[in-house]
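Please read this briefing alongside the sequence and the model. The points are grouped by topic.

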Amino acid sequence: MANRAELPLDLLTQITKRVKVIEDFIAFGVVCTSWRTAARKKFFDVLSPQVPLLMLADKDDYYREFYSLSKKKVSRIFLPETRGRECFPSKGWLFTMSYTRGMNLLHPFSHINIQLPPRKDLLLASEGLVEAPEEDICIDKAILSASPSLTSDYVLVINYNYGRVNSLAFWRHGDLNWTHIDINTHGGVTSMNYYKGQFYCVTWSGQVWVFDVARPRITKSIVKPRLLIWLKDKIFGQCSFKFYLVELSGTLLLVTRFPHGGC
């Protein structure tokens, strides 16, 4: 048998077109240099059904580890773009942020990088709010309406904090800066999701808000969030409980993680 590294590139490329499971695609690319080159010549088929991969904590090197729920193993991929950066996954992409090198959207397998407006512009978008140093702005959630791999008509919504102020802002593909979302939540946002054409968020106090971002227009877009429901339960407002908005089989669910034994 010939050395696997000497297989023709066109043959390797044809093989990658038949790989439908993301874990296998990752494994294919780490065999050797020629196989990695073939794997990068095309985007992975993002329409093929996938079991999500769990991105593990940063180990301060040029690789990131992903745990496969289906195969129960960890895969390492070369991702120097994420070293020292906070990462938030959405629609198969990563929203990454650095306190010194700005923010962007990154596709972890094609390495396509979409630059976003700087973090300091969030303060400019928040009209009437008190100014704060850029390093005090903490972004803790980011959600896409669609994958940039599939369409240019997508919106990114982030939740950020500075001081005791919790705010939302959005960026639409092609925008030059962030747009503030005027929402008066009772308590900070604990989870966000995009479901059937609208964004949803739930607060620590049990409020569930819904809003949409209109298509680009000549005039400035105005987003009007609507309070969908305020869930009254003693578990809301307790820091030991965690809440998540999750889509399952076409239904939007509120999932609660309960503490056990104080942890």
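Predicted model: local features only at pLDDT ≥ 70, side-chain atom pairs only at ≥ 80, totals over all residues.

Residues are numbered from 1 along each chain as its sequence is written, and side-chain values use heavy atoms, with hydrogens and water left out. Helices (H or I, at least four residues) and strands (E, at least two) are DSSP runs numbered from the N terminus, and two strands are taken to pair if DSSP finds at least two bridges between them. For accessibility, buried means under 20% relative accessible area, exposed means over 50%, and partly exposed lies in between (1.4 Å probe, protein chains only).

**The sheet β4 to β7**

- Four strands, in the order β4-β5-β6-β7, make up an open sheet with antiparallel pairing; β4 (86-90) and β7 (113-115) stand at its edges with a single partner strand each, so one side of each is left without a neighbour in the sheet.
- Neighbouring strands of this sheet are turned against each other by 25° on average, direction ignored, where axes are lines fitted to C-alpha atoms (for helices over the stretch in contact) and angles run from 0 to 180 degrees between N-to-C directions.
- Five bridges pair β4 with β5 (residues 93-98) in the antiparallel sense, and F88 stands opposite F95 in β5.
- In the loop between β4 and β5 lies K91, whose phi is near 55°, a positive value in a residue other than glycine; at 40% relative accessibility, K91 counts as partly exposed.

- Strands β12 and β13 run antiparallel and are joined by six bridges, with V202 in β13 as the bridge partner of S191.
- Seven of the seven residues of β12 are buried, so this strand is largely enclosed by the rest of the structure.
- The hairpin has two residues between the strands, and K196 takes a positive phi near 50° there; K196 counts as exposed at 66% relative accessibility.
- Most residues other than glycine have a negative phi.

**A mostly covered helix**

- Helix α2 (residues 22-29) has six of its eight residues buried, and these are I22, E23, F25, I26, F28 and G29.

**Aromatic pairs**

- The structure holds eight aromatic pairs, where rings of Phe, Tyr and Trp (its six-membered ring) pair if their centres lie within 6.5 Å, and planes under 30 degrees apart count as stacked, over 60 as edge-to-face and the rest as tilted.
- One of these pairs is formed by F88 and F95, which is tilted, with 5.9 Å centre to centre and 45° between the planes; both F88 and F95 are buried.
- Another is the edge-to-face pair of W204 and F243, with 6.2 Å centre to centre and 70° between the planes; this pair links distant parts of the chain, 39 residues apart, with W204 in the loop between β13 (198-203) and β14 (207-211) and F243 in strand β16.
- W204 is partly exposed, with a relative accessible area of 26%, whereas F243 is buried, with a relative accessible area of 1%.
- Y194, F199 and F211 form one aromatic cluster.

**Salt bridges**

- A search of the whole structure finds six salt bridges, each being a side-chain nitrogen of Lys or Arg within 4 Å of a carboxyl oxygen of Asp or Glu.
- R83 forms a salt bridge with D60, the closest N and O atoms being 3.3 Å apart; R83 lies in the loop between β3 (73-78) and β4, and D60 in the loop between β1 (53-55) and β2 (63-68), 23 residues apart.
- The side chains of K141 and D140 meet at 3.4 Å, N to O; K141 is buried, with a relative accessible area of 16%, while D140 is partly exposed at 28%.
- R172 and D175 meet in a salt bridge at 3.7 Å, N to O, where R172 counts as buried at 6% relative accessibility and D175 is partly exposed at 24%.
- Salt bridges that share partners join K59, D61, E65 and R76 into one network.

**A nonpolar surface patch**

- Y244, V246, L248, L253 and V255 make a nonpolar surface patch of about 370 Å²; patches consist of residues with over 30% relative accessible area and no salt bridge, with like charges joined within 9 Å and nonpolar side chains (Val, Leu, Ile, Met, Phe, Trp, Tyr) within 5 Å.
- The areas come from the Shrake-Rupley method with a 1.4 Å probe, and for residues only the protein chains shown count as cover.
- β16 (242-248) and β17 (251-257) each supply at least two residues of the patch, and the largest share, three residues, comes from β16.
- V246, found in strand β16, counts as partly exposed at 33% relative accessibility.
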